[in-house]
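Student: I'd like a close look at one part of this model. Please walk me through it.

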Amino acid sequence: MAAQPHRTPAKPIRVSDLSPEAIQLIQEYEIWLLAHRGFQRTTVDHKLGTARRIIGAIGLSPMPSDMERYIADIRQTGVAYGTVYCAIQGAEDFMAFLKMPVRFGRPKKPNRSMKDTLTETEIAVILHHSEDLRERSMLAVLAYAGIRNSELCKLRISRSEEHTSELQSLTNL
């Protein structure tokens, strides 16, 4: 019989869905995580969830090659970095508990979309040293309105009255 591809369940496996042998294994794993690894309750609960998913997908006696396919399937689903990372750590811990340690490559951490932000003092210094009203206005809109550079380029000043002016977006004209 050909090997079935491992698929991760869409939702976590409930304890009530497990066999008595699987429940016993999960209970022993819980004690091992608390006693030998020293994890806190929240971490233990997450790792137990990973173990239940592994048992549901692979069975009670996963071999390292089964676990490799399981992790490969998780990576191919396109889930978030944190999900993949936690699944890898959980799988490694579960296999260590089963006395078959494995080590998987970690996914590359994605770049943060926002690197650093300016403080109010830094913004004030930049505005103070701006050349003219136009430059100061553009910098203030960028700093306080939270718009993108491309959106700023589409803005135009319209003078509706002599003493006031308002910004209009070209997309809204």
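Does Phe-97 count as buried or exposed, and at what relative accessibility?

Tutor: Phe-97 counts as buried, at 12% relative accessibility (buried is under 20%, exposed over 50%, partly exposed in between, with a 1.4 Å probe and protein chains only). This is a predicted model: local features need pLDDT of at least 70, side-chain atom pairs pLDDT 80 or more, while totals for chains, interfaces and linings use all residues. Residues are numbered from 1 along each chain as its sequence is written, and side-chain values use heavy atoms, without hydrogens and water.

Now the partner ring. Tyr-29 is buried too, with a relative accessible area of 0%. The ring centres of Tyr-29 and Phe-97 lie 5.2 Å apart with planes at 50°, so this pair is tilted (centres within 6.5 Å make a pair; under 30 degrees is stacked, over 60 edge-to-face, the rest tilted; Trp counts by its six-membered ring). The pair spans 68 residues, from Tyr-29 in helix 1 to Phe-97 in helix 4 (helices are DSSP runs of H or I, at least four residues).

Tyr-29 also pairs with Trp-32: stacked, 6.1 Å centre to centre, 20° between planes. Trp-32 is buried as well. Ring pairs join Tyr-29, Trp-32, Phe-94 and Phe-97 into a cluster.

Zoom out to the helices. Helix 1 (residues 20–37) packs on helix 4 (residues 81–97) at about 100°, axes 10 Å apart (axes are fitted to C-alpha atoms over the stretch in contact, angles run 0 to 180 degrees between N-to-C directions). The two are therefore roughly perpendicular (65 to 115 degrees).

How values were computed. Angles under 35 degrees count as roughly parallel, over 145 as roughly antiparallel, 65 to 115 as roughly perpendicular and the rest as oblique.
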